[in-house]
Amino acid sequence: MADKTLETLFHETLKDIYYAERKILKVLPKMARAASSTELRAAFEKHREETEGHVQRLQGVFEALGKRPQGKTCDAIEGIISEGEEIMEEFKGQPALDAGLASAAQAVEHYEIARYGTLARWAEELGLTDAKALLVATLEEEEATDQALTALAESSLNPAAQAA
């Protein structure tokens with residue numbers, strides 16, 4: 001059996017986030033439809049467009065490695081998405097739905113930030129300059145989305161959920 005190196009770990013983690021991003025693409029329209037806030041709906045729609053770019057960048061990272069783009073089941077994203085779907089069911093039509101949707105989306109963002117930060121660091125250590133640039137670009141978008149969700153939650157979603 002071949003030694004499992006940082007390069008092996010990098011590739012396996014890349015497959016994990018590739019799966020996650022493709023899964024997120026499928027759930028974002030569902031979250032947008034569930035949102036009652038037009039601003040939250042717009043944020044989900046914008047992030048879906050960005051996520052398409054994230055998938056393309058990941059394909060570029062696979063290409064830089066000379067590997068075919070391939071995902072592997074990511075139990076973490078499956079659990080986070082399941083929790084978000086639970087919020088959509090349990091809070092449907094309720095004042096706290098949008099605050100819950102934003103929190104579920106932020107759980108996804110925090111997972112992605114952790115993964116992209118790690119992958120970018122490993123890419124640097126492995127001398128994968130082009131891959132690192134692609135990963136950092138996505139990391140910055142994920143961080144901006146998280147900040148935008150925080151601002152939206154604090155300015156309108158949480159107060160609306162509390163006022164009812």
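**View 1. E12 and K15 in helix α1 of the predicted model.** E12 is partly exposed, with a relative accessible area of 26%. Its partner in a salt bridge is K15, and the closest N and O atoms of the pair are 2.9 Å apart. K15 has a relative accessible area of 10% and is buried, because buried means under 20%. Both E12 and K15 belong to helix α1, where 3 residues, about one turn of the helix, separate them.

**View 2. E78 and K23, a salt bridge between two helices.** The closest N and O atoms of E78 and K23 lie 3.4 Å apart.

View 3. The relative accessible area of E85 is 28%, which makes E85 partly exposed. K30 is partly exposed as well, with a relative accessible area of 36%.

**View 4. The network of E12, K15 and K72.** Salt bridges that share partners join these three residues into one network. One of the salt bridges in the structure is the pair of E12 and K15 shown in View 1. How many salt bridges does the structure hold? The number is 9. Side chains of opposite charge can pair when their charged atoms come close.

**View 5. The packing of helix α1 against helix α2.** Helix α1 covers residues 6-34 and helix α2 covers residues 38-65. The two helices pack at an angle of about 155°, and their axes are 9 Å apart. Angles over 145 degrees count as roughly antiparallel, and α1 and α2 are therefore roughly antiparallel to each other. The crossing in which α1 passes α2 is left-handed. Which kinds of residues make up the contact of α1 with α2? The residues of this contact divide into 16 nonpolar, 5 polar and 7 charged.

Conventions:
Residues numbered from 1 in each chain as written. Predicted model: local features only at pLDDT ≥ 70, side-chain atom pairs only at ≥ 80, totals over all residues. Heavy atoms only, no water. Axes fitted to C-alpha atoms, helices over the stretch in contact; angles between N-to-C directions. Helix = DSSP H or I, 4+ residues; strand = E, 2+ residues; numbered from the N terminus. Parallel < 35°, antiparallel > 145°, perpendicular 65-115°, else oblique. Left-handed = near helix turned anticlockwise from the far one by under 90°. Nonpolar A, V, L, I, M, F, W, Y, C, P; charged D, E, K, R; others polar. Salt bridge = Lys/Arg side-chain N within 4 Å of Asp/Glu carboxyl O. Buried < 20%, exposed > 50% of the residue type's maximum accessible area, 1.4 Å probe, protein only.
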